Structure formats: C-alpha cells, structure tokens
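Here is a quick tour for anyone opening this structure for the first time. Have a look at the sequence and the 3D view, then read on.

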Amino acid sequence: MGLKTKGDTKNSVVEKDQNSFVQKLKGFLSEYVIIYAVIILTVILAIFSDAFFTVDNIMNVLRQTSMIAIMAAGTFFVMVGGGIDISVGALVGLTGIVFAGSIVSLNMPPFVAFILAILVGALAGGINGWQVTKLGIPPMIATLGMMSVARGLTYVLTNAYPISGLPSSIAFIGRGYLLGIPWPVIIMLVVFLLAHFVSQKTRFGRFVYAAGGNEEAAYLSGIKVLKVKTITYIIGGALAAISGIILVSRLASGQPNAGLGWEFEAVIATVIGGVSITGGKGKAIGVLFGAVLIGILMNGMTLLDISSYYQEMIKGLVLVFAIGLDVYKTKKENEV
C-alpha cells in the first residue's frame, strides 16, 4: 500500500468539496422545482418573441416583478402562519398616497414620509391581525373589509385625483440604478434575503411555521400563537407599503388606483412558489421564483400581444392549477 502524498490529500479534499457542492445543487434544484418552470417559460418566450430575451427587457421584467415580489414576501409570512391577506393591493395604493401626500401637501422630508407610510401599512396589517386573532373573524373576510376601507380612504384623501409635484430626489428608489442594477431589484433581493433568514434561522420563523402547521399543538408548546400571527400581518402591511413607495417613485406621482388587483398576483406567486394554502409549509426563496415566473408570464403575454382579458383568464387558471396541486400534495402526504 502506497503512502498518500500531500498532493493526493489536497486533491481528495477538492474532490470532496466538489461532490458536496454538486449534492447541494441537486438538493436545491429538487426542492425548488419552480426553477425549471422559469427556465422553460423563458426559453419558449425567447423563441416566439425577439424582444423578450434582451437585457433591457429582462431588467424591465425584474423591475416590474420587484414590487409584486416584495408584497408577496409579506404574503408568504401570513400564509405560512395559516392566514391570508387580500388587502395588500389596496394598502399599496393607500401607503403610496400617504407617502406622496406627506411630501407634497405637508412638506415632510422624504425620509419622514417614508417612515410614516411604512407605519401606516404596519398599522393596517396590525388591525388585520387583531381582527383575525382577537375577534375571530376569518382572514378572508377581515382582510376583504380592510381592502375596502383602504381603497375608500385612498379615494377620500385624493378625491380620486393623482398627487403630483414630487421632488426629483426620490426618483432613484423606483427608477435609479446601482452598478447597473435597478434599485427596486436590489430592494427585492434584500427583502428576500431577510425573509429567508427570519423564516429559517430565527425562533420567530419557527414559531410561524408551528402556528400555521398545527395551531393547537403550537399553543400547547407555549408559543404565543395569536401574537405570532398578528406580527405576520404587520409584516405583510409594512412590505406592501414599501411596494407602494417604490411605485410612487417610479411613476413620479401618487395614483389612487395603484395596486389594484396586485393582491391576486401576490397570492399566485406565493402559492406557485410552494407555500401551502393550509399553512406551515413553503420557503421565501420559492416565493421569489414564483413572483419571477408571474412577471415573465405577464411580460411574455404582453409582448405576444395577447389580450388583457385572456391574460386575466390565464392568471386565474395558473392560480387554480397551483392550488389544485397543493391540495393534491397535501392529500397524498396525509395518506402516507
């Protein structure tokens, strides 16, 4: 038997690291099957539309996707915790108006208006959580009511007119670049890194999964389930506010009807990203890919000149398919 040289040992370590990397990559790809859907859809659209696979268009897709994705990150926490929030689209409009109106009408510094808008979003989320956990109102009904209140308040504050006259200093949030990457995309990536860290590495994240997976068992384990669930709604409201601020910056105005229907896309992105509608399952990274898939799909349909009526139908079908798949998987798991 020959003696191992230092070079043999080094090669063995390198080979072991490579195998470990390959195993991790295989595990990642098998966990996030949605990546294959993103790749397949990209290839199909690149074949059928010359304008799709260009740097400008890809950047445009990511920039547009970022606002839905940031909102979906909040929806992720709410749904993993066993709830649902359909008021986030209306909160995008309300918080955007608060941000724009505070600067234009109240002469607030943009940073103070930024904080105020986020606090309004968080407060609305907290009210949602209070209705669900303390009053026992079903999440769908509670957030439906908030959606109507937020949208109505937005129209009352603006008389249904846009707010313009914003300073150019806030334009970088929605239209600026850092090292060639749009700021909204950078904000989106930071939000998802934080969402992944909080959900996977912190005690609060474990409590959210426990509360959504089995509320009674979580309560008996000493987890303050109601408090945890309320916080998920607060996170959802605050992240909707960030989307609203980015949209105001991008449009250089506060639009009363901003975010109309966005809650639908946030739920689709969350469900096709692997979050179970029954709670307790899913990961933030999957939701990010879900939002990207929706962004690519919408952009591709626009480039292919598909009617907006058909686009709505296709979005609905995607949601039904994703929920049907989740129900099927849950049923299979319960049978094992």
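## A buried threonine

A residue counts as buried when its relative accessible area is under 20%. Keep in mind that this is a predicted model. Thr65 comes in at 3%, so this residue is buried.

Where does Thr65 lie? Thr65 is part of helix H3, which covers residues 55-80. Setting aside its neighbours within four places in sequence, Thr65 is in contact with Ala291, Val292 and Gly295.

## Two aromatic pairs

Let's turn to the rings. A pair of aromatic rings is described by how far apart the centres are and by the angle of the planes. Counting rings whose centres lie within 6.5 Å, there are two aromatic pairs here.

Take Phe76 and Phe77: their ring centres are 5.0 Å apart and their planes sit at 65°, so this pair is edge-to-face. Are these residues buried or exposed? Phe76 is buried, and Phe77 is buried too.

## A link between two helices

Phe172 and Trp183 also make an edge-to-face pair, with 6.0 Å from centre to centre and 80° between the planes. This pair ties together distant parts of the chain: Phe172 belongs to helix H7 (residues 171-175) and Trp183 to helix H8 (residues 183-201), 11 residues apart.

Conventions
Residues are numbered from 1 along each chain as its sequence is written. This is a predicted model: local features need pLDDT of at least 70, side-chain atom pairs count only at pLDDT 80 or more; totals for chains, interfaces and linings use all residues. Side-chain values use heavy atoms; hydrogens and water are left out. Rings of Phe, Tyr and Trp (its six-membered ring) pair if their centres lie within 6.5 Å; planes under 30 degrees apart count as stacked, over 60 as edge-to-face and the rest as tilted. Buried means under 20% relative accessible area, exposed over 50%, partly exposed in between (1.4 Å probe, protein chains only). Helices (H or I, at least four residues) and strands (E, at least two) are DSSP runs, numbered from the N terminus. Contact means heavy atoms within 4.5 Å.
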